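Me: I would like to learn how to read a folded chain feature by feature, with the general idea before each case. Could we begin with the way helices cross?
Reply: Gladly; here is the structure we shall read.
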Amino acid sequence: RASGRMLRSSFGAVRRALAVPAARGMAVSSQSVLYTAKGVQADQSLSMAEETFQLDAPGGSQVLVKFLASACSPHDIASIMELHPPSTGISSSTVRRRYASAQAVEPFSTEHSLPSAPAIGGLEGVAVVEAVGSSVKGLSPGDWVLPAPGVGTWRTHAVVDAAALTPVPSDIPAEYAAVLGQAPATALRLLDDFGKMSDGDYFVLNGAESLVGQALIQIGVARGLKPIALIAMEGEICWMSAHLKAIGAAVVIPYEHVSTYQFQEIVAELPAAKIGFDGVGGKSAAAMAKVLPKGGTIVSYGAETSEVYLIAAGRETKVVGFSYPEWSAKASQADKATMMVTLAGMVKDGTMKLLLETMAFRDYQLALRLPRGGGGGRRIG
C-alpha cells in the first residue's frame, strides 16, 4: 500500500469471515457485529456478539450462506447514525440574492434505511452458498452471492431468502466481489442511464476519491471517455491526485480551485463536458456547475452534506436525481446479475482497480474510524 493512512472515502475495507465449517446439524460458533441503537455515534452503538447455534437445513426459498468478506463504508456509519434520511427526489427553487437570482438546490440523500435496532450491521458483503431450500432455483452450493442491503453482512453465517441474493462471479478476489453491488454498480448505472456519450467526450465528477468516483473514472475510460475529477482539499491530496490520473482521469483538481484562472484556462481548451455526476453536494456540486456549459446537467446520486447550494440562475443548469437503492429495488435479479458479470469482468481483466484495505473481523472498531461523509470507502475487520 502506498500509504498507511486512510484516505477520505478512498479505501475499501473488507473483513474475511472465520473459516468455520457449516453443515446441517453441526454446532457452529458464529460472530456478528450488531448495532444496538440508531441515531448515535456508530462506535457507541456497535458491539460484537459470539454465539453457538445449530445449523438446520434451509427450507423452501431459504438459502444458507457463509460470508467470505464484508465491507464497512461511510454509508454504513451514516445509516446507523441516521445522518442523511433518504430524500424523495431533487428539489430546487429560484432565490434572489443581492444582485442576481440563483438556483437553490436541496441536498439529495440515498442512504439505505436499516432495520430497527438491535440488528446486525453491514450493507455490503459477499457470501458462498452452503445449502439451498427445496424451492430455490438458480442457486447451488458453492455459488457466490451478494445479499441485499438490510440482510446484515457483518457476520459469519446467515439464512437468507433467495430473493435477497444476487449471484456474482467467483473468479475475482472476494474483497472486490464484496463491494461490486453498490459503488461500482452505481457508477455503471450512471454512465448507462444518463447523458449518452461517445468516444472522446468529457464528463465531470466530484468525490472522485470515493469508490463510486474511482469506478466512474475507470468505466468511463474503458469507453473512451475523458473524466474531469474534482476532489477535496484534504488528506493526502498529492498521492490521491496521482492515483486518479494513473487510472485515467484527464484532469484532477480540488473543487475549491475551479474558479481559478489557471483551471479556467485549461477548461477553455477542452471540449465542453457533456454531464456532471455529483455524489457530494454542497460547495463541491456548486463548483461542478461552473465546469459544465450553460444548460448543462448534473446528476446527483447522493450528498455528503445537508447544505443547500446555489447555482447562478443564468447558467440554466438542470439538476436531476438518481437513487441506486430505488433502481435496485425495482430491477430484476437477471438485470442485476448481468451487471455483476460486467463489473466482475472488468476486475478480472484489470480494467477496474479499487483501493481496498483488509483487516481482521475482531478489529471492527478500527474500521469505524472512517470519515462521516458518504463517499465510497470500505473497511471492516
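Me: At what angle do the axes of α4 and helix α10 cross?
Reply: The axes of α4 and helix α10 (residues 333-348) cross at roughly 100° and come within 10 Å of each other, which means that α4 lies roughly perpendicular to α10. An axis here is a line fitted to C-alpha atoms, for helices over the stretch in contact, and angles run from 0 to 180 degrees between N-to-C directions; those under 35 degrees count as roughly parallel, those over 145 as roughly antiparallel, those from 65 to 115 as roughly perpendicular, and the rest as oblique. Helices (H or I, at least four residues) and strands (E, at least two) are DSSP runs numbered from the N terminus.

This is a predicted model, in which local features need pLDDT of at least 70 and side-chain atom pairs count only at pLDDT 80 or more, whereas totals for chains, interfaces and linings use all residues. Residues are numbered from 1 along each chain as its sequence is written, and side-chain values use heavy atoms, with hydrogens and water left out.

Me: Which residues of α4 and α10 meet?
Reply: Contact means heavy atoms within 4.5 Å, and by that rule Pro184, Ala185, Leu188 and Arg189 in α4 meet Met339, Met340, Thr342 and Leu343 in α10. Sorted by class, this contact of α4 with α10 holds 6 nonpolar, 1 polar and 1 charged residues, where Ala, Val, Leu, Ile, Met, Phe, Trp, Tyr, Cys and Pro count as nonpolar, Asp, Glu, Lys and Arg as charged, and the others, Gly among them, as polar.

Me: What angle do helix α4 and helix α5 make where they pack?
Reply: Helix α4 (residues 183-193) and helix α5 (residues 211-222) pack at about 50°, their axes 8 Å apart, and α4 is therefore oblique to α5. The contact draws on Ala183, Pro184, Thr186, Ala187, Leu188, Leu190 and Leu191 of α4, and on Leu211, Val212, Ala215, Leu216, Ile219 and Gly220 of α5. The residues of this contact of α4 with α5 divide into 11 nonpolar, 2 polar and no charged.

Me: How many residues of α4 are buried?
Reply: A residue is buried under 20% relative accessible area, exposed over 50%, and partly exposed in between (1.4 Å probe, protein chains only). In α4, 9 of the 11 residues are buried, so the helix is largely enclosed by the rest of the structure. After α4 comes Gly195, whose phi is positive, near 50°. For the protein as a whole, 54% of the 381 residues count as buried.

Me: In what order do the 6 strands of the open sheet lie?
Reply: Strands of a sheet pair through backbone hydrogen bonds, either parallel or antiparallel. Two strands pair if DSSP finds at least two bridges between them. In this sheet the order is β14-β13-β12-β15-β16-β18, with parallel pairing. Because β14 (251-254) and β18 (318-321) stand at the edges with a single partner strand each, one side of each is left without a neighbour in the sheet. The twist averages 20° from one strand to the next. Strand β16 (residues 297-300) is joined to β18 by 4 bridges, running parallel, and Ile298 stands opposite Val319 in β18. Helix α5 packs on the sheet, touching β12 (202-205), β13 (226-231) and β15 (276-278), and its direction makes about 175° with that of β12.

Me: Where are the residues that Phe322 touches, and is Phe322 buried or exposed?
Reply: Phe322 sits in the loop between β18 and α9 (324-330) and is buried, with a relative accessible area of 8%. Setting aside residues up to four places away in sequence, Phe322 touches residues including Thr186, Arg189, Leu190, Ser300 and Trp327; of these, Thr186, Arg189 and Leu190 are among the buried residues of α4. The C-alpha atoms of Phe322 and Ser300 are separated by 6.1 Å, although the two residues are 22 residues apart along the chain.

Me: Is Glu316 buried or exposed?
Reply: Glu316 counts as exposed, at 52% relative accessibility. Glu316 lies in the loop between β17 (309-312) and β18 and has a positive phi of about 55° although it is not a glycine.
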